[in-house]
Amino acid sequence: MTVKVFFFGYLVDHTGQTEMEVNNISDTDALKDHLLKEFPGLVQSRFAIAVNQELTRENVSLKNGDQVALLPPYAGG
Amino acid sequence: MKEKKPKNVCLDGPIDSMFIGESIARHQTKTDIGAHHIFLGQVRSDEKEGKTVKAIEYSAYDEMAETEFHKLREAAFDRFDLSCMHIYHSLGVVKAGEICMFVFVSSKHRDQCREACNFVVEQIKANVPIFGKELLGDESHSWKVNQ
C-alpha cells in the first residue's frame with residue numbers, strides 16, 4: 001500500500017521536496033519515525049499531522065491512497 | 001440557517017484597495033445592513049536575522065484551507081446574527097505594506113459584526129493551514145509564525 005505525504009512551509013527546507021510517496025507504512029507513528037530518519041532536519045521541527053485533511057494528535061492507521069500532510073505552525077492573516 | 005457552499009477565498013498576489021472599495025460599494029443595495037466591520041491584514045517589514053522583510057510569499061495546503069475557511073464561516077453564521085461575510089486571503093508574493101487578508105462582516109448592528117470579525121480573524125490565524133515565507137531581499141528567507 002502507498003500513502004502520499006505532503007510537506008509545507010519550513011519543512012520543505014528540510015526535505016527538499018513538497019511531496020513524496022511512502023510504501024508499506026501501517027500508521028502515522030511509523031510514518032513519523034520513517035520520515036525523521038530520512039530527513040534528520042525534521043527532528044528539531046514543530047509540526048502537526050493531518051490525515052486526509054483532518055488534524056490528528058493520536059496514532060492513526062493508514063490505508064492505501066491516504067494523504068498525510070505535515071504542517072508547521074500557521075502564518076495566515 | 002441554510003447551508004452555504006464553500007467560496008473561493010484565496011487570491012493570487014496582494015489584495016488591491018480598489019477591490020476593497022468596490023466590495024464596500026456593492027453593499028449599498030443591501031439596506032437591511034446597519035454595520036460593517038472590516039479587518040485588513042498588511043505585510044509588515046519586520047527585522048529578521050539582521051535583515052528586513054521585503055515581502056511574504058504565502059502558500060497553503062489548498063484543499064484543507066478551503067475546508068477550514070468554510071467551517072469557520074459556518075461557525076460564525078451559527079454564532080452571530082450576520083447579514084453577510086466575505087473573506088479573502090492572498091497566496092503568492094505580497095510586498096511589505098500591501099494587503100494580504102480582507103475580512104468583511106456585515107450585520108444589522110455593530111456589536112455582532114465587530115465580535116464576528118474578531119472571531120473570524122482569530123479562527124483563520126489558528127486553524128487555516130497557510131504558511132508565510134519571509135523574503136529578506138537577498139536570496140535568504142525566514143518563516144513567519146503567528147503570535
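Colleague: Which backbone oxygen does the side chain of B:Asn146 reach?
Modeller: In this predicted model, the side chain of B:Asn146 reaches the backbone oxygen of B:Lys125 at 3.3 Å. Local features need pLDDT of at least 70 and side-chain atom pairs pLDDT 80 or more, while totals for chains, interfaces and linings use all residues. Residues are numbered from 1 along each chain as written, chains are lettered from A and ligands numbered from 1 in written order, and side-chain values use heavy atoms, without hydrogens and water.

Colleague: Is B:Asn146 buried or exposed?
Modeller: B:Asn146 is buried, at a relative accessible area of 17% (buried means under 20%, exposed over 50%, partly exposed in between; 1.4 Å probe, protein chains only).

Colleague: What does B:Asn146 touch?
Modeller: Leaving out residues up to four places away in sequence, B:Asn146 touches A:Tyr74, A:Ala75, A:Gly76 and B:Lys125 (contact means heavy atoms within 4.5 Å).

Colleague: How many residues does each chain bring to the contact?
Modeller: Chain A brings 17 residues and chain B brings 23 residues. A:Gln53, A:Tyr74 and A:Gly77 supply 40% of the area that chain A buries against chain B, more than any other three residues (buried area is the accessible area, 1.4 Å probe, that two parts lose on being put together, summed over both).

Colleague: How many salt bridges are there between chain A and chain B?
Modeller: The count is zero (a salt bridge is a side-chain nitrogen of Lys or Arg within 4 Å of a carboxyl oxygen of Asp or Glu).

Key: A polar contact is a pair of N or O atoms within 3.5 Å; within protein, one must be able to donate a hydrogen and the other to accept it, and residues adjacent in sequence count only if both atoms are side-chain atoms.
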